[in-house]
Amino acid sequence: MSIQVFGMPVSRGVAIGRAVLVASSRVDVAHYFVPAERLEHEVARLREARDAVAAELTALKRDLPGDAPAELSALLDVHLMLLHDEALTGATKVWIHERHYNAEWALSAQLEVLARQFDDMEDAYLRERKADVEQVAERLLRYLGRSEPGAAEVLAPAAGGARDFAGEDPLVLVANDVAPADMIQFKRSVFTGFVTDVGGKTSHTAIVARSMDIPAVVGAREASRLIRQDDWLVIDGDAGVVIVNPSPIVLEEYRFRQRQSELERARLNRLRHTPAVTLDGQAVELLANIELPADAAGALEAGAVGVGLFRSEFLFMNRDGDLPDEEEQFEAYRSAVLAMQGLPVTIRTVDIGADKPLDRMSPTELRHEHALNPALGLRAIRWSLSEPGMFRQQLRAILRASAFGKVRILVPMVAHLGEIRATLEAVARARQQLDDAGRPYGRVEVGAMIEVPAAALMIDRFLAHFDYVSIGTNDLIQYTLAIDRADDAVSHLFDPWHPAVLRLIADTIARANACGRGVSVCGEMAGDAAFTDLLLAMGLRSFSMHPARIASIKQRVLRADTRKLAATLEAVMQADDPARESGRLHQGAQPA
Ligand code: PEP
Ligand code: MG
């Protein structure tokens, strides 16, 4: 029977495929297809892992101190027994053989099946055995992770290559929650869309999904409970709906829509090399937001005239405390700079904290682990200033990359004048250290993100200290309206059209323009065509967004007349319902 699950649309388009249910804690597990000739090798990896874990458990049991409780030894026996149970390793082999899943993926798929069986058990004692199965599987996964590092790269997990095996259907991922850092793995994975139970529209998980341009729905509450492994799913990323096991008619309708959007995409693609100039001759800069240096190629391909936001924190995540040193960072920044072929690259210093913890933790886990609100905690520049050595290391790495192309530094979440002073001192010190070491670097502008209301209200002081500013509307909305952007329970209140938000954005743009300082918007509003006219009317001429959004925004820019737009701006700013009023503003901009 077909059912519908409702959530929030976070990344446009339609994905059709079979459901792959993955526990949140295992989203980071490598997912790739294994070609037929390597299946036996994959099974052997699993066998080796099983034997190694068995030896580990046997040794643990042997070395138990004499006074250890008897339960401990019995527990290890249970784990050993589970390890050899057909329902775990035997059934995992079937996933490898029949689906061509790599060993880690096969094991987590089987674990998901077993977890559901345990959840359905009447007997409380038996139900609790689920934890034992999970512990055994964790040991196996840990071993597998060590046994063949980099296998994902070796076997080219990208969707194109993956389809060669076993005529696989497209796959979509279903999880309770996905950590932003794990989303990065998706860039190399086989999934063509995803659904999560929790998450907000501008959570970083959603942002990375948009950057990959794959349809996604978050905050679909019951999705991972209602959807079963292998169910056929339609993910409607425009409406925020997931249709489970659709009827043939519905499926055909969505396949039609999929074809239509491919055609539309191809049409927009033709605008790639057209300069973004309005009808009245105003040049508009369309820049790209990237998460990894490898994304720079896609930015260039999409027609970006530079990188307006490189979220450097993704280089720092999931490293188990082993943060990238100056050399590693320098290499990463330099490769982005070289990939952009002389176009400017704006590197934001680490914005760790809030829904982007350093260690692998989903936003839900994060909230449970830390009762305090991490969005108001040691985040972004606050974290950097609390780690001065690390901060200077990053600044040196960025400055050194500027010897290879145009680089700008962008500082996130600044609110206090003291933070401005400390930041600029750190930059000066990093420059001095490079001078002392005789290392070359270029002229690098330093800018601040305007994403805390305090910064927007004090914009004149900020402009006196910084070369440029970039408005982070995602956080500006979060902090102005006191809405946790990652929390689906309040996401209906996350309102970019709120007059207070519009006022802060408009004032920031106007003040920056008045003093001849650069100003851009790099939050999600910049890539949302519903706001293009409004932002142009406010005087914005620099937008930074996911590369996939550039063509649509360019189309809007090409159709806009900023003189007409400016004349209707005040009516929108004064309206009780600015969204509705802006519809008129848009009409006013259309050519006669
Ligand atoms: C923002 O807050 O708008 C922004 C661009 O930064 P991030 O989404 O990474 O917090
Ligand atoms: Mg931000």
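## Basis

The model is predicted: local features need pLDDT of at least 70, side-chain atom pairs count only at pLDDT 80 or more, and totals for chains, interfaces and linings use all residues. Residues are numbered from 1 along each chain as its sequence is written, chains are lettered from A and ligands numbered from 1 in the order written, and side-chain values use heavy atoms, with hydrogens and water left out.

## Shell around ligand 1

Ligand 1 is surrounded by 17 residues, the closest being H204, R311, R348, N474 and R485. A residue counts as near if one of its heavy atoms lies within 4 Å. By class, eight are charged, five polar and four nonpolar. Here Ala, Val, Leu, Ile, Met, Phe, Trp, Tyr, Cys and Pro are nonpolar, Asp, Glu, Lys and Arg charged, and the others, Gly among them, polar.

Helix 9 (204–212), strand 10 (307–311) and helix 20 (473–481) each give at least two shell residues. Helix 20 has the largest share, three residues. Helices (H or I, at least four residues) and strands (E, at least two) are DSSP runs numbered from the N terminus.

## Polar contacts

Polar contacts are pairs of N or O atoms within 3.5 Å. A backbone N or O atom of N474 is 2.8 Å from a ligand 1 oxygen. For T473, a polar backbone atom lies 3.0 Å from an oxygen of ligand 1. D475 uses a polar side-chain atom, 2.9 Å from a ligand oxygen. The protein covers 100% of the 290 Å² of accessible area that ligand 1 has on its own (Shrake-Rupley method, 1.4 Å probe).

## The cavity

The structure holds three cavities of 30 Å³ or more. A cavity is a set of points, on a 1 Å grid over the protein atoms alone, where a 1.4 Å probe fits but cannot get out; lining residues have an atom within 4 Å of a point. Ligand 1 sits in the second largest cavity, meaning that more than half of its atoms lie within 2 Å of the grid points.

That cavity holds about 80 Å³ of space. Its lining has 15 residues, with R311, R348, M449, E451 and N474 nearest the centre. Strand 10 and helix 20 are the elements that give two or more of them.

## Two positive phi values

Most residues other than glycine have a negative phi. R221 has a positive phi, near 25°, in the loop between strand 6 (216–218) and helix 10 (223–226). Q341 has a positive phi near 50°; Q341 lies in the loop between helix 13 (326–339) and strand 11 (345–348).

Methods:
A polar contact is a pair of N or O atoms within 3.5 Å; within protein, one must be able to donate a hydrogen and the other to accept it, and residues adjacent in sequence count only if both atoms are side-chain atoms. On a 1 Å grid over the protein atoms alone, a cavity is a set of points where a 1.4 Å probe fits but cannot get out, and a pocket is an open set with protein on both sides within 12 Å along at least five of seven lines; lining residues have an atom within 4 Å of a point. Grid points are joined across faces, edges and corners, and a volume is the space filled by probe spheres set on the points.
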